Amino acid sequence: MSERTGRECAYLFYEYVIELYGDIYLRHPTRNDIEQLYAAHEAKHGLPGMLGSIDCTYWEWANCPNAWRGQFTRGDHGVPTIILEAVASHDLWIWHAFFGMAGSNNDLNVLGASPIFNDILQGKAPNMSFVVNEHQYNYGYYLGDGIYPEYATFVKSYSFPADEK
């Protein structure tokens with residue numbers, strides 16, 4: 001198969017995947033989805049208002065063009081990488097995916113360019129409040145690791161919890 005035919009077949013495949021699954025999987029969560037996320041995380045983990053877990057992962061880019069290798073290579077990885085920031089819910093629905101910039105960046109640089117908070121900043125996000133310790137919050141939060149900044153929208157997990165709870 002020629003390179004052009006392979007590329008055209010891949011594009012057709014992508015179009016059909018988007019047509020078939022776009023309305024279900026390639027979208028922001030609705031008000032109903034957020035209510036289900038809140039209920040599931042509170043029931044399973046005891047965390048009211050949690051939208052999902054956020055993190056970045058680095059994928060090795062084996063066929064990176066030589067001209068781009070420098071900007072997509074981090075010193076700690078030694079090979080070109082592509083960064084994916086994603087939010088996943090308890091049922092493994094990945095409802096936010098953002099491929100960040102060049103691999104020389106870290107999680108914080110990707111977060112700075114990510115559209116994850118655009119709906120909140122533009123006033124388009126549904127106001128889905130929840131209460132913790134008698135304090136009402138208007139928007140949910142994400143469970144993240146220690147690298148994320150001290151924002152109200154991030155809750156960090158314990159690296160070494162004392163007990164299961």
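These are my notebook entries on a predicted model, taken one region at a time.

**Ground rules**

I number residues from 1 along each chain as its sequence is written, and my side-chain values use heavy atoms, with hydrogens and water left out. Since the model is predicted, local features need pLDDT of at least 70 and side-chain atom pairs count only at pLDDT 80 or more, while totals for chains, interfaces and linings use all residues.

**Entry 1**

I began with helix α1, which covers residues 3-25. Helices here are DSSP runs of H or I with at least four residues, strands are runs of E with at least two, and both are numbered from the N terminus.

How many salt bridges did I find? The count comes to two, where a salt bridge is a side-chain nitrogen of Lys or Arg within 4 Å of a carboxyl oxygen of Asp or Glu. As a reminder to myself, side chains of opposite charge can pair when their charged atoms come close.

For accessibility I call a residue buried under 20% relative accessible area, exposed over 50%, and partly exposed in between (1.4 Å probe, protein chains only). Arg7 is partly exposed because its relative accessibility is 38%, and Glu3 is exposed at 66%.

Another bridge joins Arg4 to Glu8, and here the closest N and O atoms are 3.0 Å apart. Arg4 and Glu8 also sit four residues apart in helix α1, which means about one helical turn lies between them. Arg4 counts as exposed at 56%, and Glu8 is partly exposed at 40%.

**Entry 1: a nonpolar patch**

Next I looked up a nonpolar surface patch of about 650 Å². Ile18, Leu20, Tyr21, Ile24, Tyr25 and Leu26 make this patch, and Ile18 is in helix α1. Patch residues have over 30% relative accessible area and no salt bridge; like charges are joined within 9 Å, and nonpolar side chains (Val, Leu, Ile, Met, Phe, Trp, Tyr) within 5 Å. The areas come from the Shrake-Rupley method with a 1.4 Å probe, and for residues only the protein chains shown count as cover.

**Entry 2: the largest nonpolar core**

Which residues touch the most other members of the largest nonpolar core? They are Leu51, Trp95, Tyr142 and Phe154, out of 22 residues in this core. A nonpolar core is a set of buried Ala, Val, Leu, Ile, Met, Phe, Trp, Tyr and Cys residues joined through side-chain atoms within 4.5 Å.

At least two core residues come from each of α2 (31-45), β1 (50-60), β2 (81-88), β3 (94-102), α3 (107-113) and β6 (141-144). β1 gives the most, with four residues.

I then followed Leu51, where contact means heavy atoms within 4.5 Å. Setting aside residues up to four places away in sequence, Leu51 touches several residues, among them Ile34, Leu37, Tyr38, Trp95 and Tyr142.

**Entry 3: helix α2**

α2 has 15 residues and reaches 21 Å from its first C-alpha to its last, close to the expected 21 Å. The expected span is 1.5 Å times one less than the number of residues. Its buried residues are Asp33, Ile34, Leu37, Tyr38, Ala40 and His41, and these pack against β1, β3 and β4 (130-132). Just after α2, Gly46 takes a positive phi of about 75°.

In the loop between β4 and β5 (135-137) I found Asn133, whose phi is near 50°, a positive value in a residue other than glycine. Asn133 is exposed, because its relative accessibility is 76%. Glu134 is in the loop between β4 and β5 too; its phi is near 60°, also positive in a residue other than glycine, and Glu134 is exposed at 81%.

Tyr139 lies in the loop between β5 and β6 and is partly exposed at 32%. Tyr139 and Met128 are 11 residues apart in sequence and 5.6 Å apart in space, C-alpha to C-alpha.

Thr153 sits in the loop between β6 and β7 (154-156). Leaving aside neighbours within four places in sequence, Thr153 is in contact with Phe117, Gly140, Tyr141 and Tyr142.
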